[in-house]
Amino acid sequence: MSSEVARVYHDLLKAVVKHVGKEDHKSHFTDFVKHEFRKNANSLDKINLARNYAYLLNSIHSHKELLFSYNIAVDRTEEMKRVLGKSAASVGLRLPEVYQP
């Protein structure tokens with residue numbers, strides 16, 4: 001059972017880091033997950049809830065990527081910035097910062 005708990009813990013942390021981020025100002029998300037997991041490691045209901053939440057995070061982002069790929073009425077500005085940034089980085093350039101008043 002402990003290997004199953006460790007797997008759920010790993011999957012949840014991986015999903016949070018991937019989809020929420022690991023910057024300093026977002027570290028409270030991973031800290032909360034770690035604290036709650038240590039507190040409720042023996043609760044089967046909490047383990048199932050953590051597994052379902054990791055699945056939800058991954059599914060929401062997969063769904064969003066599918067919508068982007070099929071050009072379904074979603075805002076594509078962030079995706080385009082990301083794609084342009086990757087393209088520029090691949091040839092050693094950076095995109096300029098856009099002025100926003």
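Author: The questions below set computed values against the definitions behind the labels.

Author: This is a predicted model, in which local features need pLDDT of at least 70 and side-chain atom pairs count only at pLDDT 80 or more, while totals for chains, interfaces and linings use all residues. Residues are numbered from 1 along each chain as its sequence is written, and side-chain values use heavy atoms, with hydrogens and water left out.

Reader: Why is the contact between R51 and E4 called a salt bridge?

Author: A salt bridge is a side-chain nitrogen of Lys or Arg within 4 Å of a carboxyl oxygen of Asp or Glu. For the side chains of R51 and E4 the N to O distance is 2.6 Å, so the pair meets that definition. The structure holds 3 salt bridges.

Reader: What makes R51 and E4 a link between parts that are apart in sequence?

Author: R51 belongs to helix α3 and E4 to helix α1, so the pair ties together parts 47 residues apart in sequence. Helices (H or I, at least four residues) are DSSP runs, numbered from the N terminus.

Reader: Why is K39 called exposed, and what is E36 called?

Author: Buried means under 20% relative accessible area, exposed over 50%, and partly exposed in between (1.4 Å probe, protein chains only). K39 has 52% relative accessibility, so K39 counts as exposed. E36 has a relative accessible area of 22%, so E36 is partly exposed. The side chains of E36 and K39 meet in a salt bridge at 3.3 Å, N to O. Both lie in helix α2, 3 residues apart.

Reader: How do you know that R51 and E4 are partly exposed?

Author: R51 has a relative accessible area of 31% and E4 has 36%, so both fall in the range between buried and exposed.

Reader: What makes a set of residues a nonpolar core?

Author: Its members are buried Ala, Val, Leu, Ile, Met, Phe, Trp, Tyr and Cys residues joined through side-chain atoms within 4.5 Å. The largest such core here has 12 residues, including V5, L12, A15, F37, I47 and L57. Helices α1 (2-19), α2 (27-39) and α3 (44-69) each supply at least two of its residues, and the largest share, 6 residues, comes from α1.
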